Structures are given as C-alpha cells and as structure tokens.
Amino acid sequence: MASAPENEKNASAPEKKTLTLKSMINNEEFVVDEHVALQSVTIKNMVDSDCAGDVIPVPTISGEILALVIEYCKNHANPSASEDDLKKADAGIVAKDIYTLIDLVLAANFLDIKGLLEVTSQKIADSIKDLPHQDVREIFGVENDYTPEEEAAVRAEHDWAFEGFP
Amino acid sequence: MWTIFLLARGLVSVPLFLFSGEIFEEQQPPSIEVLPDECLFEVFRRLPGGEERSTCACVSKKWLMLLSSICGDEICTKKATQTLETEEKSTPGKAGENLACNKKDELVGSNEVEAEAVDQEIESDGYLSRCLEGKKLQMVLSLWNVSSLGDEGLYEIAKGCPLLEKLDLCQCPAISDKAVLAIAKNCPNLTSLTIESCPNIGNGSLQAVGSCCRNLTSVSIKKCPLVGDQGIASLLSSANCSLTTLKLQALTISDVSLAVIGHYGKAVTNLVFSGLENVSERGFWVMGNGQGLQKLRSITVTLCQGITDVGLEAVGKGCPNLKKVCLRKCAFLSDNGLVAFAKAAVSLEILQLEDCHRITQCGFFGVLVNCGEKLKSLSLANCLGFKDLVVKFPPMACCPVPSIFINPLVAVAENCSFLRELDVSKSAISDFGVAALACAAQLNLQIISLSGCFFISDKSLPYLMKLGRTLVGLNIQNCSTISSSTVDLLVERLWRCDILS
C-alpha cells in the first residue's frame, strides 16, 4: 500500500495525487500533493490503512496553523532545496509569537512531523532560556504550584548542583 | 476513525477551549500548559545548559518532574538537531516515517525505557528523579523503599551515571544481583555501597563490586538473607581490595567470613558487626589471629554472642592500632576478657560499653590500670554490674587491683589524666564518686554523663560546680534524686556548660 502512490507518481507525473486537508476549527480547506502531506506520519498511517476519504478532517488545528504546517511540508518535500534554504525557510516559519509556536508544536505533535516538532521546540526553548523563572511563568502562563519554602528549597538544591557548571 | 487516532495518540486530553480559537483568545491567552508532557519534554531537552534547565525547574512542580526525567544522553544540542535535519533532507519526498533516522530512533528507544523507570519512581516517592537531575554532577544514588524499581531501571541508571560514587539501596525487593553487577561494571568510581533489606541481592553483587570497583572503600550490608560467607570472602579476597570500612549487620554469615576479614582486611580501619548470630567465639579468635587487621582503628560489636573473653582478647592482640572500641549487648563478655583485652590493646583511647551486665568494677579497674593514661573517652552506659558502693564490692580474686581503688571514679581520677569524656549513665555511681572526680586536680574532664544514676543526690552540687570549671557538657537527665532547684542553680552558675536535665 505504501509504495502504490509512489509508483503512480513515477508513472504519470502530471496527474499527481492530491489530498484535501480540512481544519475542523474554521473549516478552511487545503489541497496538497500527497507526497507533501505524507510527511505527517499520522496522515500516512491514515492513507495506508485506507481510512482517509477525499477530505481529511484535521480536528484540532486552525487554518492559520495548518497553512504553516503545509508550508513546512512543502519546503521539505522539495528534493532540490539546499540545506541552507531549508534552514532559512524553517526560521521564517517559526518566527512567530509564542502562542502560534505553542499551537505549532501541538500541530506537529498531532500530525507527527518530527522535523517541525524539533524546530518549533527549539524555538520555544530558545525563547525560554534567557528568562528568569518568574518571567517564564508570566509569559507562558504557568501556574506556580510551589509553596515559597519549596521553591526556595528547589532553588537552593539547584544552586548547589550546578555550582561550577561550565 | 479519528477518535481511534486521537485515543491512540493520547491527545484526547487536549483542552477543547483552545480549538474554538479567536473567541477566547483575548480574555485567556493560551498557556504553554496545554502542551502534552511529551511536547514540553521536547522543548526542555533543547535548553542549552544546566543553568537554564534548573531555572525552568523552579517554574512549577510539573516542570521540575519533567526536567528531572531528562537523561544526559537525551539532551539535545543544536548540532544534533542539524545533523538530524541533514539526514532528513537526504531522503526527501519519502513518507514521514523515514524522517526519523537511525540515530534518532535509538535515542527515542532509550528514552522510553528510561522514562518508564523514572515514571514508576515518581509515583513511588520521587527521590530518584531528584538524583537523576543534573546527574553529570550527582554522584550519590539513594533508593529507599522502592518496590517498583527493578533491575531494568537500575541498569539504565548504571548506563547513564558512570560517575556514580555512592550507592545506597534500602528495601528494594525488585533489585537483584544482575543490576548491581551492571552498576559495578559501569561505575568504576564507586566508593561506597550500602545495601539494606534487599531480599534478592546476594553474593554475586559483592563479588562483582569486589572485582570491578577498585576504589571501593566502604561497604555496609544489613539484613540481606542471600548474602553469605561466599560473598564476603570474594569481596575481601579480590585483588586490590582497598576496603577501609566494613559494616555487617543482621546477616547469616559464619566464622568463615570473620576469618577472611582477619586475613585479607589489610586496609580495613573500621569494623562494625551487629546481630551476627552464627558467628561464634571461634570467628573472633580467628579474626584476631589472622594478623591482617594491622590498620584497624575502630571496632563496634553489638549483639554478637561470639565476642566472649577469648574472642575479645584475640582481637586486642591482633589489632595493635585499635583506638576505639564499642561493645553493646555483649552478654558473654566478663571482666577477665575486658582486662586481658585492655592489656593487649596498647593504643586504646576510647572505650564504650553498653548493656554489658557482666562487667563490674573489676573489669573497669583493669582497663584503667592498663590503658588509663591514654584513655580519652570512657563510657559505661547501662552496665548494671557496675557500682561504686564499697559494700557491694565483689571478691578481689578476679583481677589484681590495688586496694586503693575502692571506688571506680577514684580510680578514674587517679589514673586518667587525658580523659576528656566520661559516660557512666544508668550505673550505681553515687555522690561519693562525683566527689572523687571533683577532687582530682589533674583531671580535665569536658563532658560527663550521669544520666539515670539514681544514687546521685543534691549533695553532689558542690562537686558538680567544681567539675563545671572545665565542663562543656553535663548530662543529668533522669536523675530523679537531684532536685529541680539544684538543677536551676547548676544551669545558672555553669553558664558555659550545656546541661541536659
């Protein structure tokens, strides 16, 4: 089953098989080449197990995010793209505000696209790394469930653990 | 079909309000907490350094737990990500399944095993996770009362923590020799091993650490029914054994183990035996006569019927550098043995006897006569045979004591000019004894314990005051015959001295 689309593709290049992805949140539809969409392991599994209809509903991802995901997949499905180009393209995709990034991580995780998950996670990690923990809480909306004593203890423990760490 | 996918991918827990999008966006900005743990994990392992990770650990408990579950080899540097991307590019057009290169696959595989072990751990008590945090620096691993952690988990830890220096296992029923063998092979820096109440750890473990861990200096084993003579023998007889501290408690080992210790324990300085029921007098005799314990400085024996007069004397003869001896609940030890030991133990400085009821003044005098000048600390706690009442003095035949020593504390006063600590708790010492101590001009006592001595009364007040000039610690707990006004007076006058009352 997995090799069928590829054979088809080779045989008749102009009649590329396409899939329609539909965001269930705002009902936007995207028509993409199958080999682009198949970078998502989730979609590949669906296609392989024959449970993908003409339109594949994507329940948890908004159209805006889905567009970014498809952009990423298109870039990485292009065999002629150089490494530098891809890096630049990825950087462009993840140059978004933090809420978009969070949605992107969710989408990449749901659609199981490893590369996208990696670049978005890295981007979030980069934006976390220079912040003090109070700012991290505020910006990323994390509730502080430490008591003041616990927090002091954790901090003290880590101060000790990373003393002299390069 | 979608539902199945959602369930399979564990995503059903994603809160739904997010998906209704812009309506709520203004009032409630999405929080990073909507990310499932595996996504947060992906983010955290890409933080560049230990400092950043520890800052994040301070954000919330959940973050601490997640960060704690990252192993050293799971931390992603940017370089690693690049190589992954390169490989990804080299297989363009292929389906997403190929995106994960072999290297990544391995990584993910090992992640899962480790994460499992850690998850279990977090459920049980969370201690391990803390140890794993920043484990490149953490060198001590303590697992107490962890029934869920098995060989596989410890095996992963052994692989991940090659710098481990101390391992402490207590009540880990699922851990067997296999796991300890892995630790021994992977952690050459191991210096200290403590195993308590682990029913599946036996001789194999001791053999493994004995042969693999060249730096091992301290071993403590308690209540492990599978540990026998064979294990102790292979631990000590392995080449380059640098063991200095050995504690054996509540084991079924026999005389053979003590013989091996006496023969091979050339570096041992510290021995603790407790509750060794199968060790007889013969064991201690052989240990002393093995002539291997030349460096032994301290020995503690509790509840061992083998430490008889003959046994103790042999230990004294075989260990010329013995400075500290602590004997507790040794029911068979009598004055004769103690005196013979005191004659042999030429370096003795600290002697503690507790619950040795056959020891009387005779034995005490013997110790003072033979070691009195070097003794720094002497303790006779709860030795019921020990009194200073002249009338109850036993026949002198048992040991050659000059008649001047009619009172043990007089003997202390006359013989022990270096004595700094004296503990005669729960004994029948009376005011007379305290008076004798106080009158000894050369004595420079710093700590005295008279707790539970019912024969000391308010009459001792002037003597205690006098002793108080040099004292820094005085214990008069449970002395019901000393009135509270006397105690108050002591506390007031001896303000430099810590008084327990």
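**Reading the model**

Mentor: Start with a charged pair: B:Arg45 and B:Glu42 form a salt bridge, their closest N and O atoms being 3.1 Å apart. A salt bridge here is a side-chain nitrogen of Lys or Arg within 4 Å of a carboxyl oxygen of Asp or Glu. Before going on, note that this is a predicted model, in which local features need pLDDT of at least 70, side-chain atom pairs count only at pLDDT 80 or more, and totals for chains, interfaces and linings use all residues. Residues are numbered from 1 along each chain as its sequence is written, chains are lettered from A and ligands numbered from 1 in the order in which they are written, and side-chain values use heavy atoms, with hydrogens and water left out.

Trainee: Are B:Arg45 and B:Glu42 buried or exposed?

Mentor: Both B:Arg45 and B:Glu42 are buried. Buried means under 20% relative accessible area, exposed over 50%, and partly exposed in between, with a 1.4 Å probe and protein chains only.

Trainee: How many salt bridges does the whole structure have?

Mentor: A search over all chains finds 12. One of them joins the side chains of A:Lys44 and A:Asp48 at 2.6 Å, N to O.

Trainee: Where do A:Lys44 and A:Asp48 sit relative to each other?

Mentor: They are four residues apart in helix α3 (residues 41-48) of chain A, so about one helical turn separates them. Helices (H or I, at least four residues) and strands (E, at least two) are DSSP runs, numbered from the N terminus. A:Lys44 is buried at 7% relative accessible area, whereas A:Asp48 is partly exposed at 26%.

Trainee: What is the salt-bridge partner of B:Glu156?

Mentor: B:Glu156 forms a salt bridge with B:Lys159, the closest N and O atoms being 3.7 Å apart. Both residues lie in helix α9 (residues 151-160) of chain B, three residues apart, about one turn of the helix. B:Glu156 is buried, with a relative accessible area of 11%, while B:Lys159 counts as partly exposed at 46%. Elsewhere, salt bridges that share partners join B:Glu42, B:Arg45 and B:Arg46 into one network.

Trainee: How do I check the length of a helix, and what does α7(A) show?

Mentor: The expected span is 1.5 Å times one less than the number of residues. Helix α7 (residues 114-129) of chain A has 16 residues and reaches 22 Å from its first C-alpha to its last, close to the 22 Å expected. Its buried residues include A:Leu116, A:Leu117, A:Val119, A:Ile124 and A:Ile128.

Trainee: Which residues does B:Ile183 touch?

Mentor: Contact means heavy atoms within 4.5 Å. Leaving out residues up to four places away in sequence, B:Ile183 touches B:Leu154, B:Ala158, B:Leu164, B:Leu167 and B:Leu190. B:Ile183 lies in helix α10 of chain B and is buried, with a relative accessible area of 0%.

Trainee: What are the totals for chain B, in helices and strands?

Mentor: Chain B has 21 helices and 14 strands. Of its 501 residues, 54% count as buried. Among contacts in chain B between residues at least 6 apart in sequence, 79% join residues at least 24 apart.

Trainee: Which residues have a positive phi without being a glycine?

Mentor: B:Gln171 is one, with a phi of about 55 degrees. B:Gln171 is in the loop between β2 (166-170) and α10 (177-186) of chain B and is partly exposed at 38% relative accessible area. B:Asp355 also has a positive phi of about 55 degrees. The place of B:Asp355 is the loop between β9 (350-354) and α17 (361-371) of chain B, and B:Asp355 is buried at 16%.

Trainee: What is the strand order of the open sheet in chain A?

Mentor: Two strands pair if DSSP finds at least two bridges between them. The three strands run in the order β2-β1-β3, with mixed pairing. The edge strands, each pairing on one side only, are β2 (29-33) and β3 (55-58) of chain A. Strand β1 (residues 18-23) of chain A pairs with β3(A) in the parallel sense over four bridges. The bridge partner of A:Thr20 in β3(A) is A:Val55.
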